[in-house]
Amino acid sequence: MGMGGRRMAAGVAAGVLMAVLAGCSSGGSKGAAGTASGTPGAAAASTAAGPGAGSAPAAPADPSAAASASGAASAPAPAPASAAAAAPSADLEAALLDDKLVGQVLPDAKVMAGWEEEKRKVDTADHAVTCTAATSCAGKPLSASVRFSSGDVVTRFIVETLPSRDAAKNRLKETYASYAAGPFKKVDTPALGSESQAFQGPLAEGEGVGIVVRSGTVVASVTTEGGPVDVAATRRFAVMLVKRIEQAQAGRTPDAGPALG
C-alpha cells in the first residue's frame with residue numbers, strides 16, 4: 001500500500017474509533033448513518049441461539065465391563081466449564097445507570113495481569129460530564145472505556161449503557177455501520193451476549209480485530225491491534241467483558257477474568 005493508501009486507511013481507522021467511542025444520546029440514537037440490519041452496506045449481527053441441551057446422565061459402571069475394557073481408548077473428556085461462556089445470554093432489560101458499577105464492569109489490572117493500564121474513563125453518554133468520586137452520574141446513560149497495552153499490542157474495552165433494549169439495538173446498528181463504512185471485513189465467530197459481530201481491518205495502531213456486542217441494554221466493544229491479528233484472543237477478552245456485564249446486570253460485583261484456552 002502506498003503512502004496515500006496508508007493515510008486513507010489511518011483516517012478511516014481513526015473515524016471508526018471515534019464512532020465507537022462516541023456516546024449516544026439518552027434516546028440511544030444520534031441520527032448517525034447506521035442502516036437497518038439486513039440492508040445493503042449494514043453489517044449483520046450474529047443472533048443469539050437458545051441454550052444448549054444438557055448432557056445425558058452417565059450409565060452406572062459395570063465392573064466386569066470395565067475390566068474387559070482395560071487398555072481401550074478413553075472416552076473424550078467433557079468440555080471445560082469455560083466453554084459455556086461462548087453461549088449467547090439472556091436478553092435482559094435491566095439498565096446499568098450507576099457510574100460506579102459501570103466503572104467496575106471495565107476490566108482492571110487484576111484480571112489483565114501482564115498488561116499496563118493506560119487510560120480509564122467513565123462519562124455520561126453525551127460526554128458532557130466525566131464521572132468521578134466527587135461528580136456522580138448515577139441515573140444517566142453512560143460511556144466507559146479503558147485501554148491496556150502489552151508491548152506493541154493495544155486492547156481497548158468500551159461499554160455504553162442505554163435506558164432500554166430498543167435504544168441499545170439502535171446504538172448497535174450505528175456501531176456496525178461505522179465499521180461497514182470503512183475497509184473492514186466481517187469475521188465469523190460464535191455469537192456473544194444478545195447479538196454480536198466481529199470485524200477485521202486497519203485500526204489506529206495497525207491491523208486489528210473489533211468485536212461489537214449487545215447484552216440486553218448494554219453495547220460493548222473490544223478491539224485489539226498493533227501485533228499479529230488474533231481473533232481468538234480478542235474473543236476471549238469479549239467473553240470476559242460480556243460476563244462482567246451480565247454479573248452487573250444480575251446485581252453482582254463484576255469480577256470475571258479472561259477464559260482460558
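**Close-up views of a predicted model**

**View 1. Lys186 in its strand.** Lys186 is found in strand 5, residues 185–187, where strands (E, at least two residues) and helices (H or I, at least four) are DSSP runs numbered from the N terminus. This is a predicted model, in which local features need pLDDT of at least 70 and side-chain atom pairs count only at pLDDT 80 or more, while totals for chains, interfaces and linings use all residues. Residues are numbered from 1 along each chain as its sequence is written, and side-chain values use heavy atoms, with hydrogens and water left out. With a relative accessible area of 45%, Lys186 is partly exposed, a class lying between buried (under 20%) and exposed (over 50%), as judged with a 1.4 Å probe on protein chains only. The C-alpha atoms of Lys186 and Ile211 are separated by 9.7 Å, although the two residues stand 25 apart along the chain.

**View 2. The largest nonpolar core.** This core has 32 residues, and those with the most contacts inside it are Met112, Phe157, Val159, Leu241 and Ile245; a nonpolar core is a set of buried Ala, Val, Leu, Ile, Met, Phe, Trp, Tyr and Cys residues joined through side-chain atoms within 4.5 Å. Helix 5 gives the most to this core, with eight residues. Leaving aside residues up to four places away in sequence, Met112 touches Pro107, Phe148, Phe157, Phe237 and Met240, a contact being heavy atoms within 4.5 Å.

**View 3. Aromatic rings.** The structure holds six aromatic pairs, counted for rings of Phe, Tyr and Trp (its six-membered ring) whose centres lie within 6.5 Å, with planes under 30 degrees apart stacked, over 60 edge-to-face and the rest tilted. The rings of Phe148 and Phe157 have centres 6.1 Å apart and planes at 85°, so this pair is edge-to-face. Phe148 is buried at 0% relative accessibility, and Phe157 is likewise buried, with a relative accessible area of 0%. Together with Trp115 and Phe237, Phe148 and Phe157 form one aromatic cluster.

**View 4. The disulfide.** A search of the whole structure finds one disulfide, defined as a pair of cysteine sulfur atoms within 2.5 Å. Cys131 and Cys137 form this link, with their sulfur atoms 2.2 Å apart, and the angle of -115° about the S-S bond makes the link left-handed. Both cysteines, Cys131 and Cys137, are buried.
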